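Hi everyone, thanks for making time for this. I'd like to walk you through one structure, so please have a look at the screen.

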Amino acid sequence: MKQTHLQELVMPWFESMQDAALLSALTATAIGVGSLLLIYMFTRRLLLPGIQKVVTRLSPERIGALTPMLNKLNRRFAGILCCVLYLATFDYVYPVHDVAALVLKTVGQVALIIYGGFILSSVVSIAGGIYNQLDFARDIPIQGLIQVVKLITFMVCAILIVSILLEKSPTYILSGFGAIAAVTLLVFKDTILGFVASIQIAANRLVTYGDWIQVDSYGADGEVIDLGLNTVKVRNWDNTITTIPTYMLVAGSFKNWRGMQESGGRRIKRALNIDMNSIRLVDDAFREQIDAAIPLNDYIRVSNLPDPVTNLGLFRRYAEGYLKQHEKINRDLTLMVRELQPMNHGLPIEFYCFSEDKRWISYEHLQAEIMDHLLAVLPIFGLRPYQSVTGQLSTSEAQTGLKPSIKVANPVREKT
């Protein structure tokens, strides 16, 4: 074991003692370790936090939001500074045997590479945090790209560590990757697919944070809360979290409700099945009876009605006029009431319009309000909604509690 410069400096302190060489070696080692601890504490607790406070005052809101990441960077920077000082002063401070010196230097070099990788990771995270504060960051998320940069960083660090342990050049380690390329592709298949998908998602603006997406194959229906390299997290409306592979958003199909949220309204598309046996022509007496219950002139132009007109035709025109006058319906978007193909369960009358309020609860309440009103006015027009059980409970039966009489829509005569 050779003597170091620091050991020679402290040797006079122990000349009169029996184990002067051992005590001087221990003292030199203690001074070296203690100095590193003092430098770490000074840098971690005083120097870097002081610089951070000065920088934060320049922009408290923007830089203040990055405080957790800056604290992590400070801790890692103090660590790498100690690693550099440890390796730079090792031959002058620590009196150890050659084998121990080789091991300790190798440990210091490995720690230096690890801290370097962590520092680069922190810098990338801070850059991502700064980017997320920009106005257009919500439309073009780069979280996947940030994770790719971090992954490449740690892969390079791993190669450097292996090269140090094997005492080989990094190019020698890289030359062996060709033999395990198939295994590498198999292990990192999802990561590679996610990386390509992240680029496509960011370039085409398919999904961003806060989007309401619906992926039926994964049972996802809610808001995007995280866009990662491998997975996309969706908080469903029942507050459960669904995880979707990132590449599935490109390989498969999904519904993004962002267009609805950015448009002027949310679509209402509901149908009411009418019993076709209740459709008939309307004469003047019946029209006056309807007009007594509902002032038709307030909703439709009676003078423009065809002659003859059906009660269903009057109802369709009334429903369209009612929707046009509704204060919560956006009249600048498509609005119509139309008939669909007649089916075995009645004639569907579809109400197609857009709600101005796109919030879920208000939207559902508006749909219910419209359907309730239109169902309530059906009897005024002499129409009946179709039900699977074609019968109804009369008023007297409902009051007395008697069993309802079932009226068959298409009775069949019994053979005699």
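A search of the whole structure finds 7 salt bridges, where a salt bridge is a side-chain nitrogen of Lys or Arg within 4 Å of a carboxyl oxygen of Asp or Glu. Please keep in mind that this is a predicted model, in which local features need pLDDT of at least 70 and side-chain atom pairs count only at pLDDT 80 or more, while totals for chains, interfaces and linings use all residues. Residues are numbered from 1 along each chain as its sequence is written, and side-chain values use heavy atoms, with hydrogens and water left out.

Let's visit some of these pairs. Arg316 and Glu339 meet through their side chains in a salt bridge, at 3.3 Å from N to O. This pair links distant parts of the chain: Arg316 sits in helix α14 (residues 311-325) and Glu339 in strand β9 (residues 336-339), 23 residues apart. Helices (H or I, at least four residues) and strands (E, at least two) are DSSP runs, numbered from the N terminus.

Next come Arg338 and Glu350, whose side chains form a salt bridge at 2.6 Å, N to O.

Asp357 and Arg359 form another salt bridge, with the closest N and O atoms 2.8 Å apart. Asp357 is partly exposed at 27% relative accessibility, and Arg359 is exposed at 58%.

Now, the sheet. What is the order of its strands? There are 5 strands in an open sheet, running β4-β3-β2-β1-β5, with antiparallel pairing. β4 (241-245) and β5 (255-256) are at the edges with a single partner strand each, so one side of each has no neighbour in the sheet. As a rule for counting, two strands pair if DSSP finds at least two bridges between them. In general, strands of a sheet pair through backbone hydrogen bonds, either parallel or antiparallel.

Let's follow the chain through it. Strand β1 (residues 212-215) pairs with strand β2 (residues 220-227) over 4 bridges, and Ile213 stands opposite Gly222 in β2. Their hairpin has 4 residues between the strands, and Gly219 there takes a positive phi near 70°. β2 and β3 are joined by 5 bridges, and their hairpin has 3 residues between the strands. The hairpin of β3 and β4 has 4 residues between the strands, and Asn239 in the turn has a positive phi of about 70°.

Last stop: where does Leu58 lie? Leu58 is in helix α2 (residues 20-58), and this leucine counts as exposed because its relative accessibility is 71%. Over in helix α13 (residues 284-293) we find Glu288, which is also exposed, at 59% relative accessibility.

Definitions and conventions: Buried < 20%, exposed > 50% of the residue type's maximum accessible area, 1.4 Å probe, protein only.
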